[in-house]
Amino acid sequence: MPATSSHSLPLLSLTLGSLGLALGMCLPAGCNVGRTTDCQEPAGCAEEPPAPPRPHPTGPSDDITYTLGRGGQPFDPRGDGSSGVRTEPGGELAIDPGNITISARPTVWVANSAEGTVSKVDARTMTEVARYLTGPKGPGNDPSRTTVGLNSDVVVANRAGGSAVRIAGDLSQCRDKNGDGRITTSQGPADVKPWGEDECVLWYLDLPPNSYPRAAVFDAQYGLDGQLSTTVYIGTYSGRILYRIDANTGRVLKEINLGSTMPYGAAIDKNGVIWIRDAQGPLAFVEVNRGDRVGRTQQNPPCAYGIAVDPEGRVWTSGSGQGGQCVSRYTPDPMDISQGKWDSVQLPGATFPRGLAVDAKKTVWVADTSTGVYAVDTESMMVKHSIRLGAGHNNFVGMAIDFDGMVWAINQADSRAYKIDPANVADVKSLAVGRGPYTYSDMTGFQLRNAAAPTGRFRHTFAGCNNQARWNRLFFTAEFEGGTSIVISARTGRDPADLAAQPWVLIAQQPPDASPVSLDKLGERQVAPLLQVEVQLRTAHPAFSPRLIQLKVGSSCNLLQ
């Protein structure tokens, strides 16, 4: 829905209207200055929808202002792929960790270990929309871990293949490497491109032979250019090294020696601490904000195989222990995270708990090898559900929550992904993926946003008055507290499909940039029918949020085009 608009120079409007009447013509739809009852339905002059009205520009150089927030159209915290934001009582926009959503296609990335590929699944339609090789070794790639960034891109760790690969989350991130003007990429499970030909595969990194990458986690930090998830970490089981990798280029930035720790899985918390599930012994951690300090908890987890972190910063593990099968929770001491308190609960009837994931409604979901899925309340540690899945041919490994709150379990034995509605756990659907899927880690990106990324995203698409709309300036009003900020990006398109395929252009960051800012950074794409603006709301602490009060865009139209 177009935002509220305003314009100026009414005398010019009358002159142009008189000109239209004298010539006996109608102006194009959307630019209906001077329309009269004598000129109602000629060809190319369709009636406008009664509401909401489009702007009525007054001349080719006039400034048309579209307003959101104070004095204009209310912010829509769920429209256009907005996520993690809400409107306050006064109409301002603020961060809301409980409203984490993404756009029309939330994705599940399933690593198919037995065939050396990764499946990209549309979580809503339960359709596999693409499949990619994860390296040059075919089945020898042995992909097993995935980590999904704030842009929905995935980095896959190839276990036996000793490598990592990054794949774009949507078409706008892909690169036209051969310069043919289009993106060559997989269109489904039967369309796996030869290695090196898929232009949505962004980089590939060889790690030392026989190092066995078994831990992978994106950070939730931002680059100086406004880019999201600028760093990814890969831990090698045999090498006992945590590699810090530039997520944009695939270049190794640092090798962090983990001492005796053999990383099997990893997760990141709200303070930027990377928690590592060791093959045996206590949890390890890397305090990135304290010079990459490496430490270990003073006590072993009661049960240890899977690992996840909740929004409160507590670490969850699952596995065999204490004479049975259990889930355990570690609450770090804020003064010394190596000290903390372990709690645990037994899972009756479980055979071997493996992957686990935490949702936004205080439930941890656990994949059990032979039976299916368990649900445990994160506060009371009570078992809420025991869900039997599969047809007896089971080997459940991976566990995930998607951005609609649906629960996913990956069965390596029957090569299927199972989707559970947490509001009705009897409602279970499944689809076939590649052979031997494993995916022991975050495969949707929800865990990163839920536990480690206090950020919100607001998007709105503005419709210009015709195909020659020129987007001139952007105005914004915001309030800040406690290390908060906003980052504004934009892109334009001829139509919705073209718009979605365009890369984002950084327009402003506040602080330090001041309003208004020019949209000249859009370059030749400054003239287009559609403009989409994205505002990222960021905070260094969950207790604080910036508040976006008003967003305005100034545009002009050439009516004679």
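Trainee: Is Asp 404 buried or exposed, or partly exposed?
Mentor: Asp 404 counts as partly exposed, at 35% relative accessibility. Buried means under 20% relative accessible area, exposed over 50%, and partly exposed in between (1.4 Å probe, protein chains only).

Trainee: And what kind of model is this?
Mentor: It's a predicted model, where local features need pLDDT of at least 70, side-chain atom pairs count only at pLDDT 80 or more, and totals for chains, interfaces and linings use all residues. Residues are numbered from 1 along each chain as its sequence is written, and side-chain values use heavy atoms, with hydrogens and water left out.

Trainee: Okay, which residue does Asp 404 meet in a salt bridge?
Mentor: Arg 124, at 2.7 Å from N to O. A salt bridge is a side-chain nitrogen of Lys or Arg within 4 Å of a carboxyl oxygen of Asp or Glu.

Trainee: How many salt bridges does the structure hold?
Mentor: There are 28.

Trainee: What about Arg 525, which residue does it pair with?
Mentor: Arg 525 forms a salt bridge with Asp 498, and the closest N and O atoms are 2.8 Å apart. Those two link distant parts of the chain, 27 residues apart, with Asp 498 in helix H3 (residues 496-501). Helices (H or I, at least four residues) and strands (E, at least two) are DSSP runs, numbered from the N terminus.

Trainee: Is Asp 498 buried or exposed?
Mentor: Buried, at 8% relative accessibility. Arg 525 is partly exposed, at 28%.

Trainee: Last one: which residues are linked in a network of salt bridges?
Mentor: Arg 86, Glu 88, Asp 96, Glu 481 and Arg 547.
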